[in-house]
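Colleague: I would like to go through this model with you. Could we take the overall layout, then some details?

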Amino acid sequence: MLKVDTGEFLDRFDRGPFRIGHDLDGRDDLFGLDAIVALAGRLDADQVEYNLGDLDIVSDPEAARTPSAGVLETIRNIDRAGSWVALKRPETDPAYGELHRRLVAELDPLVSAVDSPIASSHLYLFVSSAGAVTPLHNDLEYGTLLQIRGAKTITFLDRDDPEVLPHNDHALATEGHRNLQVPDAVLERGVPVGLEPGGGVHLPWNVPHWVAVGDDDWSVSLSLTFQTRRTQTEIELHRINRTLAGLGMHPRPVGASPAADATKHAVWRAGRGLKHVLR
Ligand SMILES: [Fe+2]
């Protein structure tokens, strides 16, 4: 299903975005509009998010407005709805669950070779009207965005640019909404990657990006996201440091000492186990 250049994958993984191909644009049984409407009808309400797509690149989550139509009608009329629809974790549905298992099985050997095994993974299916924008945000998962219908441009910022991400030690511990606020001048440093059906891009975790659908046609795309054993540990270490800092302590920054990180993580895990026993 995925068309991956193994050498490029191993070389570029977690360093920067790189293109991959796929053949999912031929799967009308999963990604035709009728199939997507039926899927949305089967998913739980908390697996469906939709809003009007006329958002600015830098946007407060509060700015998103819900269309007046229901989600099924919005998807059916996506060619003129001016909207953005996300179906979250469709792998809870058997047909998409099978697809999810196969995609993870294709990627896991490569990811394990260069990072560590995939520890958690989800799919997200996006159906968007022409011109719809997903504002600038940061994901704590690796992402593989596969374009199935229409055209999209995903634009990346440099995660090592201090004006892009707040580089305090607790940046990755941030919970809640992932939209970012940066000055307009920083947006001009974005690197765009255009996607057409059959094309895709793999992006490192923790690399801020925004997405815009082409102005000419509506779009369907699938995102496979995952965390590895290594990135989960790193995120937990940031959360531990945030907790320690909240107690008035000055923990060593994550990554400054692998030995100290390992000890801190082991103690935290043991403490969490202890709490479980005492409950
Ligand atoms: Fe994203």
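Colleague: How is the chain divided into domains?

Modeller: The chain falls into domain 1 (2-228) and domain 2 (232-278), with bounds that come from an automatic or database domain assignment. This is a predicted model, in which local features need pLDDT of at least 70, side-chain atom pairs count only at pLDDT 80 or more, and totals for chains, interfaces and linings use all residues. Residues are numbered from 1 along each chain as its sequence is written.

Colleague: How far apart do the C-alpha centres of domain 1 and domain 2 lie?

Modeller: Those centres are separated by 30 Å.

Colleague: What is the span of helix α7?

Modeller: Helix α7 covers residues 229-246; helices (H or I, at least four residues) and strands (E, at least two) are DSSP runs, numbered from the N terminus. The end C-alpha atoms of α7 are 26 Å apart, which agrees with the 26 Å that its 18 residues should span at 1.5 Å a residue. The expected span is 1.5 Å times one less than the number of residues.

Colleague: Which residues of α7 are buried?

Modeller: T231, L237, H238, I240 and N241 are the buried residues of α7. A residue is buried if 20 or more other C-beta atoms lie within 10 Å of its own, exposed if 12 or fewer, and partly exposed in between, with C-beta atoms placed from the backbone. Just after α7, G248 adopts a positive phi of about 90°.

Colleague: On to the sheet: in what order do the strands of the open sheet run?

Modeller: The order of the 4 strands is β6-β11-β8-β9, with antiparallel pairing; two strands pair if DSSP finds at least two bridges between them. At the edges are β6 (133-137) and β9 (191-195), each of which pairs on one side only.

Colleague: How many bridges do β8 and β9 share?

Modeller: Strand β8 (residues 152-156) pairs with β9 over 5 bridges in the antiparallel sense. Within β8 and β9, K152 stands opposite L195.

Colleague: And what does β2 pair with?

Modeller: Strand β2 (residues 18-22) pairs antiparallel with β1 (residues 2-3) over 2 bridges, and 4 bridges join β2 to β10 (residues 199-203), also antiparallel. H22 in β2 is the bridge partner of L2, while R19 has V201 in β10 as its bridge partner.

Colleague: Which residues touch the most other members of the largest nonpolar core?

Modeller: They are I36, I75, V85, L125, V127 and L222, out of 50 residues in that core. A nonpolar core is a set of buried Ala, Val, Leu, Ile, Met, Phe, Trp, Tyr and Cys residues joined through C-beta atoms within 7 Å. Strand β5 (residues 118-128) gives the most to this core, with 6 residues.

Colleague: What does V127 touch?

Modeller: Leaving out residues up to four places away in sequence, V127 touches I36, I75, I78, V85 and V220. Contact requires C-beta atoms, placed from the backbone, to lie within 7 Å.

Colleague: Is Y96 buried or exposed?

Modeller: Y96, found in helix α5 (residues 94-114), is buried because 22 other C-beta atoms lie within 10 Å. With residues up to four places away in sequence not counted, Y96 touches L30, P90, E91 and L123.

Colleague: What about the phi of R89?

Modeller: R89 is not a glycine, yet has a positive phi of about 50°. R89 is in the loop between β4 (83-88) and α5, and counts as partly exposed because it has 19 C-beta neighbours inside 10 Å.

Methods
Contact = placed C-beta atoms within 7 Å.
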